[in-house]
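User: Could you take a close look at one part of this model for me, and walk me through what surrounds it?

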Amino acid sequence: MSGYLLSILIWLPLFAAVVVLFTPRQSVGVIRWFSVLVMLVELGISLLLLTGDYTSAQFQFAERAVLVEKLGITYSLGVDGISLWLVLLTTLLTPLATYSSWTAIHTKVKEYAFSFLLLETGMLGAFIALDVLLFYVFWELMLIPMALIIGIWGGPNRVYAAIKFFLFTMVGSLFMLVAIIYLAVQYQAQTNLYTFELAKLTELVLPVNIQIWLFAAFALAFAVKVPMFPLHTWLPDAHVEAPTGGSVILAAVLLKLGCYGFLRFAMPLFPSASHRFIPTLVVLAIVGIIYGAYCAWVQKDFKKLVAYSSVSHLGFVMLGLFSVTPQGLSGSILQMVNHGISTGALFVLVGVIYERRHTRDLNEFGGLAKVMPNYALIFVVVALSSAGLPGTNGFVGEFMILSGAFLSEFFGERAPLYTLFAATGVVLAAVYLLHAVLKVFFGPADNEKNQHLPDLTARELTVLAPLVLFVFWIGLYPNTFLKSMEPSIKAFTDNYSAKLKAGDDAPTQRAVVKAAVNIFPQTVSETGMNQESEEKKADRDRNQARSDGEVEIFAQVAGGLR
Amino acid sequence: MEFAVERTLLWIVLLPLAGAIINGLAGRYASRTTVHTVAVGSVAMAFGLALLAFVRLYLLRAAGEQDAKLIYTLYEWFAITVNNSQVSIPVRFIMDALGGAMTLVVSGVGLLIHIYACGYMKDDPSYARFFSYMNLFMASMLLLVLASNVPLMFVGWEGVGLCSYLLIGFWFENKSYAEAGRKAFITNRIGDFGVLIAMFLLVQAVGSFEFETINRHAVELAGRWAFGLPALRMTVATVATLFLFLGCTGKSAQIPLFVWLPDAMAGPTPVSALIHAATMVTSGVYLICRLSPVFAVAPTSMAVVAIIGTATAFLAATIALVQNNMKRILAYSTVSQLGFMFAAAGCGAFAAGFFHVYTHAFFKACLFLGAGSVMHAVGAHGDADIRQLGGLRRFQPRTNWTFLASCLAIAGVPLFSGFFSKDEILVGALSVGDFFFFAPWLGRVLFAVLVIAAILTAFYMFRLYFMTFWGDYRGGPSHDNAEHGGHDPHESPGSMTWPLVLLGVGAIVGGYLWVGALGLLHLHWEPWVVWLEPSLASIGTEHHTSHIAWALGLGTTAAVVGIGIAWSWYARKDVETPKRLKEQFPEVHQFLMDKWRVDELYDATILGGSRRLGIASANFDNAAIDGLLASASSKAVKGLSYLFTRIQTGVVHAYGAIMVAGIVAVAWWFIFPHARIDVQLDENGLARNPVHLAAGEGLGYEYQWDIDSDGTFETDWQSGSKLEHRYSIDELKPGSVVIFAGSGYGVHTKQSKLMPGEPFHLDENLLGSWQHPDEYFKKTYPKLVGVLPKIEADEDGGVIIRPNGAVVARTGKRIEREETIRVRPGESVSIGEAKLTIAGYAQATVAVKNAFGLISRDSITFTIARDSGSNAPQAYLGGTR
């Protein structure tokens with residue numbers, strides 16, 4: 001069975017979704033329990049992934065089958081230390097998100113369950129797929145249920161938000177599709193074989209000028225998803241309109257796919273191009289950190305505040321990725337998980353009071369700490385973890401990312417400057433989160449509507465408790481998570497640096513060597529040779545040998561040629 | 001001793017933490033007795049364990065182990081990679097001389113304040129929550145003190161900030177209290193940002209986060225330019241310590257980040273005593289002492305620390321002169337005293353600065369608790385206005401005596417604890433001398449300002465004392481929200497007064513730790529300094545007797561003068577001096593009342609600016625980004641579709657007209673052939689022999705090729721649109737030549753048309769390209785130096801090359817000036833070992849005929865690189881070798 005573990009993981013929700021389709025629409029309870037149960041089974045199955053051997057960078061539980069031989073499309077799956085935690089994050093958050101929207105969703109429960117199950121297949125597939133085209137299929141597959149979730153069960157302006165979400169993501173993705181096809185064509189041109197397999201495509205050495213375009217296409221798709229400044233504008237709308245469960249999944253998992261895309265695809269496939277884009281992308285990431293924080297600070301809508309905080313937090317994730325240092329990358333992955341947990345919990349918490357008060361206007365609240373003490377306690381804990389308080393998960397992630405940025409060779413002498421600016425985000429996070437805490441929980445509970453709000457229910461506690469557990473687990477003993485990432489991260493940085501060194505100017509250098517050889521096939525005039533004395537001839541031969549040797553050396557320096 | 005004393009370090013931190021968790025989760029449902037048993041019990045046990053560990057440490061020292069320390073490692077928290085090596089961040093506790101002393105102060109004073117709080121908070125509905133926060137604070141503070149590395153210390157550092165936030169805003173229903181808490185947290189966070197950056201600087205330079213390792217490498221830190229930028233003229237030590245000090249100004253309320261501390265008085269009084277007087281706010285001084293070797297090698301930073309400390313001491317003291325609320329005066333007093341500590345640390349008198357931490361913990365905790373006792377007595381909630389108090393010594397004898405003792409201590413009256421520490425600070429400032437080599441006079445200036453601040457201190461403390469305890473009772477606070485409305489003041493319960501007594505005794509005798517019990521006989525025996533010696537750096541200043549005399553003299557005078565003025569103005573009845581002064585200088589009074597208007601300044605600039613920036617960002621996001629990406633793009637699409645719908649008008653003539661236009665366009669396309677010729681080029685933009693030519697394809701097209709564009713077509717009409725042709729030298733266009741230069745290591749091209757009669761000069765750039773960038777190749781490979789070869793086309797399409805006196809450097813052989821050579825396009829020539837190839841232009845033409853028999857033509861010109869296939873004769877310039 002373990003041979004097909006990943007397949008089971010991916011397809012089980014889809015299967016369950018089909019089953020849901022054939023369930024009578026009136027049996028709401030059955031549908032709800034069934035879907036959560038399936039998701040819990042998924043969680044159980046995904047826990048089996050922990051039995052893999054993550055001391056090496058090898059993909060675990062790998063599966064490979066050829067789908068279309070002629071086009072080299074394969075069904076290849078695998079998890080390593082990088083995707084493992086994102087898969088687990090997905091399987092953990094999906095049931096929690098579904099369970100948290102138990103009472104919020106009354107209409108079309110069947111379709112809701114169907115969408116969530118379908119979404120889970122899409123998300124897991126995207127994290128696990130090792131074939132670029134397969135990844136693309138899953139990537140697009142997620143889009144539809146998510147757009148539906150926003151568009152059907154969302155707030156008053158839901159259709160606008162859903163379309164905006166759909167179009168933004170779609171435009172980026174289409175560029176990526178073109179790039180994927182071009183990549184396969186390039187591979188065919190060099191090897192006479194088509195392939196979409198990541199492992200093979202990674203070996204391809206492309207001239208930088210081509211890489212740049214392909215990277216730009218991939219980066220656009222991923223940057224929209226992350227979202228990076230200034231492509232984030234769909235996010236606040238989508239979050240504000242989406243139902244709680246949708247917001248949780250959107251923030252916790254979907255955004256991570258953008259970051260994951262950079263890490264798994266865009267950077268390894270196009271190291272030289274990504275290296276050239278890094279200065280720009282880093283600045284965008286840092287602008288995102290600061291800008292997102294400032295925008296969050298002045299929002300009146302609670303959910304919008306959390307949405308903008310995501311922009312800020314994901315700026316950190318991107319900063320860590322682009323530092324290409326071991327701690328920067330580990331920190332990024334950890335921070336993806338952290339953001340999933342903390343922001344996921346924040347959205348659940350916002351949902352809790354929205355369900356009670358049907359408003360998210362911060363000015364409507366105040367003094368809730370008195371009325372809902374458990375709620376306040378959990379909220380403050382989660383907010384502080386989101387603000388990166390030491391001892392909670394956020395600190396470890398941000399610390400690793402910032403130290404990675406500070407020590408990054410790729411940032412050169414601008415590294416301290418980047419770090420200084422990014423670190424102001426830590427201060428700003430405290431500003432906007434405590435602003436929210438102050439508005440909602442402190443002060444007198446003078447709004448009559450707030451005075452008799454019930455505290456957290458058992459169901460809500462069940463959803464939040466595991467998240468709070470992870471807040472401290474990751475904060476206090478992050479090695480549980482970091483150790484298994486290490487080999488994959490090391491492989492990533494080693495490959496990246498090596499390919500960069502070899503590949504950065506390889507195409508041009510290779511061209512140079514060829515041209516030199518072709519232009520001067522025999523470098524010395526034949527006519528002159530007759531007159532040479534034996535001694536001189538020997539001397540010339542030596543020179544010639546050296547000259548050849550030098551071409552050889554250059555060919556090696558150019559690297560990646562053979 | 002077999003049982004591991006080291007393990008106690010862990011429990012010193014864990015016990016209060018456990019207390020916090022228990023009370024935080026279950027305290028709400030438990031009785032008050034249970035709550036304070038857990039809270040006080042856990043701190044008491046922590047104190048007991050701290051004593052145990054300290055004794056162990058003391059015994060080790062007594063046994064001659066100079067560098068004795070207790071270390072306990074729990075597990076690896078996480079690790080980062082610095083310069084390709086792993087730097088682990090363990091959860092490791094360490095107790096050395098400095099940490100041991102601080103642990104005792106924190107847990108001891110903390111324990112007393114916990115006991116006091118049981119009485120003070122007795123009636124508060126959130127009793128458990130209060131103790132949960134207090135215990136959490138103890139855990140964080142002890143972690144801060146005992147952590148062996150900077151990140152772990154940072155956990156405690158931010159932890160105490162968090163507790164401060166929670167406790168200041170403890171009565172959160174009052175919004176301004178909650179806001180005060182937030183202000184404290186955010187101001188602290190600004191400082192923490194500095195600590196974070198400093199940490200990275202240190203780890204980059206040292207490769208470790210451990211305090212011990214960093215201190216060991218302090219000298220190296222002083223020898224490296226920060227950020228690797230020599231232009232900055234600042235060493236890693238300087239920049240790192242400045243960033244650290246930013247953190248200290250936040251945590252320890254120094255200029256410019258001191259503004260949160262006075263507001264922090266919104267918290268319950270035990271909190272003010274514990275966090276905002278005795279322990280947390282001194283952690284900045286503690287941190288500087290912890291890293292004193294690094295500070296000691298950064299004189300610039302030290303000067304900054306000293307100046308900021310002194311300025312804060314003065315500024316806060318002036319504000320305290322006119323304030324009327326007990327706790328507010330004490331808060332500014334704390335800021336001022338912290339300034340003294342930093343002044344000492346900045347002058348290299350680390351032991352003196354830290355000694356003031358210790359004495360201050362006693363007398364300031366005692367003062368705050370005394371203020372709490374007064375407030376408890378008169379039923380004031382939050383703070384008490386001293387103008388409404390008076391005569392309390394009759395009602396509260398214990399509070400009175402302990403308060404007086406502490407006032408004498410803080411004023412620096414001889415033989416009270418504050419005297420010893422303040423005196424040492426003044427000595428430190430005087431002795432610093434040449435350590436500030438850029439300003440040797442700085443120490444004396446600091447000394448003078450500190451003496452003035454000391455006078456002010458003595459004055460405002462006794463103003464507070466006399467107005468509160470002497471004279472007649474003025475009726476207490478207006479009793480609208482007070483709990484004890486109308487009653488006479490009364491002495492507080494034993495749980496509150498006993499801690500006062502203990503702290504008061506500490507305030508009196510604590511100072512003898514500096515001179516030791518026998519200090520009066522053996523003047524050079526200073527147990528405090530000796531004890532701390534292994535932990536603290538020395539900047540090697542000497543204490544001259546004259547310095548000590550000046551400090552003693554002026555310090556004592558300051559205390560006497562300050563107390564004297566206060567006595568003459570406030571202890572005697574009906575003295576009008578203060579009122580007169582106030583009326584005479586209303587602006588000054590108001591300015592001091594308004595606390596130098598620093599808060600207003602920050603509100604107007606930083607806070608207001610940030611807020612406006614936030615609003616601007618949000619507006620920008622709505623208008624510009626969303627407007628551009630979403631609205632504008634959707635409008636564009638809408639506009640286009642509107643245009644398209646306009647075409648669908650339903651008017652048949654319009655459809656007809658469009659159709660006709662379409663048909664004409666299609667017909668034109670079909671009737672007239674469209675010739676287009678392309679050639680396949682390599683990376684250098686050159687065609688390769690054989691050359692691949694391609695013409696644009698079309699329905700029924702036929703092609704005819706004229707590969708040299710001489711007017712005669714070489715092929716017949718054929719259907720293939722592609723042609724492969726190998727150009728011979730004869731087919732190259734005469735007169736147009738391209739030059740390549742290069743050798744085995746690469747090729748550089750320079751293209752230029754050579755016209756007969758116009759000599760062509762190889763330029764410097766091309767010469768440069770003959771020289772390989774790599775040093776090795778530069779030396780071993782020949783290059784042309786001197787005048788460059790001259791190249792000229794002749795009438796017959798050949799090229800004449802004159803070496804023009806160029807020298808082949810390696811062989812040193814000069815090429816004869818007269819020697820010339822003639823080559824044809826496509827041939828190459830060697831000059832020395834550098835090669836020059838003359839490539840040729842070619843022009844190809846294609847004619848295209850379509851099914852209608854109409855013909856069109858297109859030509860293309862391209863340059864052909866030599867290929868290995870055509871071994872045309874080559875020439876060699878420069879004689880034989």
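Helix H9 (residues 234-241) of chain A is mostly covered, with 8 of its 8 residues buried (20 or more other C-beta atoms within 10 Å of a residue's own, C-beta atoms being placed from the backbone). Helices here are DSSP runs of H or I with at least four residues, numbered from the N terminus. This is a predicted model, where local features need pLDDT of at least 70, side-chain atom pairs count only at pLDDT 80 or more, and totals for chains, interfaces and linings use all residues. Residues are numbered from 1 along each chain as its sequence is written, while chains are lettered from A and ligands numbered from 1 in the order in which they are written.

The buried residues of H9(A) include Trp234(A), Leu235(A) and His239(A). The buried residues of H9(A) pack against helices H5 (132-153), H6 (158-191), H10 (244-269) and H12 (302-323) of chain A, a contact being two C-beta atoms, placed from the backbone, within 7 Å.

Let's follow one of those neighbours, H10(A). The axes of H10(A) and helix H13 (residues 326-357) of chain A come within 8 Å and cross at roughly 165 degrees; axes are lines fitted to C-alpha atoms over the stretch in contact, with angles from 0 to 180 degrees between N-to-C directions. H10(A) is therefore roughly antiparallel to H13(A), the term for angles over 145 degrees. Among the residues meeting here are Ala251(A) and Lys256(A) from H10(A), with Met336(A) and Phe347(A) from H13(A). By class, this contact of H10(A) with H13(A) has 8 nonpolar, 7 polar and 1 charged residues (Ala, Val, Leu, Ile, Met, Phe, Trp, Tyr, Cys and Pro count as nonpolar, Asp, Glu, Lys and Arg as charged, and the others, Gly among them, as polar).

Terms used. Buried ≥ 20, exposed ≤ 12 C-beta atoms within 10 Å, placed from the backbone. Helix = DSSP H or I, 4+ residues; strand = E, 2+ residues; numbered from the N terminus. Parallel < 35°, antiparallel > 145°, perpendicular 65-115°, else oblique.
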